[in-house]
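Hi everyone, thanks for making time this morning. I'd like to walk you through one model, so please have a look at it on the screen before we start.

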Amino acid sequence: MPQISIIKKSDIQEARRFDAEFFKPEYLRTLQIIKKHNFLSNSKVSLIKSGVTPRDRDDSLKDGVVLLKTGNIRNNILFYEPENFFHISEKINNKMHTTELKESDVLLNIVGATTDVIGRTSFVPENFPQSNITQAMS
């Protein structure tokens, strides 16, 4: 059944988006609750970055810097299993230096081939090898 949301132009400007999905009535109610309690946005308490998938990578590379993909995040700590990871060269990693991972970073899948992949989270554990992320996660 169709739903109607009546919103102000200023709401669209504040949200910086215009898609109907964002303005669903149940989402608007949730947003009102958040604003009522003065919660802070993630960007106020953390640094959020998204990676890239380098075009010049070699998918057959068996060592080097780990390039994590959405399938590596399983709502758990990442375990190092070299055979299950893609790798990139140090040169490519240097180009992607702003998204190189550090111990205790929080990873979140923001895109996925299926909806069960989106939203998975994980921490980067102690002693995890040098690694970076694709654009499908932050």
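This is a predicted model: local features need pLDDT of at least 70, side-chain atom pairs count only at pLDDT 80 or more; totals for chains, interfaces and linings use all residues.

Setting aside neighbours within four places in sequence, Thr70 is in contact with Asn109, Val111, Val117, Arg120, Ala136 and Met137. Where does Thr70 lie? You'll find Thr70 in the loop between strand 1 and strand 2. And is Thr70 buried or exposed? The relative accessible area of Thr70 is 17%, under the 20% cut-off, so this threonine counts as buried.

Which residue does Arg120 pair with in a salt bridge? The partner is Asp116, and the closest N and O atoms of the two are 3.6 Å apart. Asp116, for its part, counts as exposed, at 51% relative accessibility.

As a reminder, side chains of opposite charge can pair when their charged atoms come close. How many salt bridges are there by the rule used here? The count comes to 3.

Take Lys95 and Asp56, whose side chains meet in a salt bridge at 3.0 Å, N to O. Lys95 sits in helix 4, residues 90-95, while Asp56 is in the loop between helix 3 and strand 1, so this pair ties together parts that are 39 residues apart in sequence. Lys95 is exposed, with a relative accessible area of 54%, and Asp56 is partly exposed at 47%.

The side chains of Arg57 and Asp59 also meet in a salt bridge, with 2.8 Å from N to O. Arg57 counts as partly exposed at 26% relative accessibility, and Asp59 is likewise partly exposed, at 44%.

Now for Asp58, which lies in the loop between helix 3, residues 42-45, and strand 1. Its relative accessibility is 38%, so Asp58 counts as partly exposed. If you follow the chain from Asp58 to Ser89, you cover 31 residues in sequence, yet in space the two are 8.3 Å apart, C-alpha to C-alpha.

Let's turn to the surface. Which residues form a nonpolar patch there? They are Ile77, Phe79, Val106 and Phe123, and together they have about 420 Å² of accessible area. Ile77 is placed in the loop between strand 1, residues 65-68, and strand 2, residues 86-88. With a relative accessible area of 41%, Ile77 is partly exposed.

A quick stop at helix 2, for those of you who like checking geometry. Helix 2 runs over residues 25-36, and at 1.5 Å a residue its 12 residues should span 16 Å; the end C-alpha atoms are 17 Å apart, which agrees. After helix 2 comes Asn38, and its phi is positive, near 55 degrees.

Where is confidence lowest, and where highest? The lowest is in helix 1, residues 9-15, with a mean of 77, and the highest is in strand 5, residues 131-133, at 94.

Thanks, and I'm happy to take questions.

How values were computed
Residues are numbered from 1 along each chain as its sequence is written. Side-chain values use heavy atoms; hydrogens and water are left out. Helices (H or I, at least four residues) and strands (E, at least two) are DSSP runs, numbered from the N terminus. The expected span of a helix is 1.5 Å times one less than its number of residues. pLDDT is the predictor's confidence in each residue, from 0 to 100. Patches are made of residues with over 30% relative accessible area and no salt bridge: like charges are joined within 9 Å, nonpolar side chains (Val, Leu, Ile, Met, Phe, Trp, Tyr) within 5 Å. Accessible areas come from the Shrake-Rupley method with a 1.4 Å probe; for residues, only the protein chains shown count as cover. A salt bridge is a side-chain nitrogen of Lys or Arg within 4 Å of a carboxyl oxygen of Asp or Glu. Buried means under 20% relative accessible area, exposed over 50%, partly exposed in between (1.4 Å probe, protein chains only). Contact means heavy atoms within 4.5 Å.
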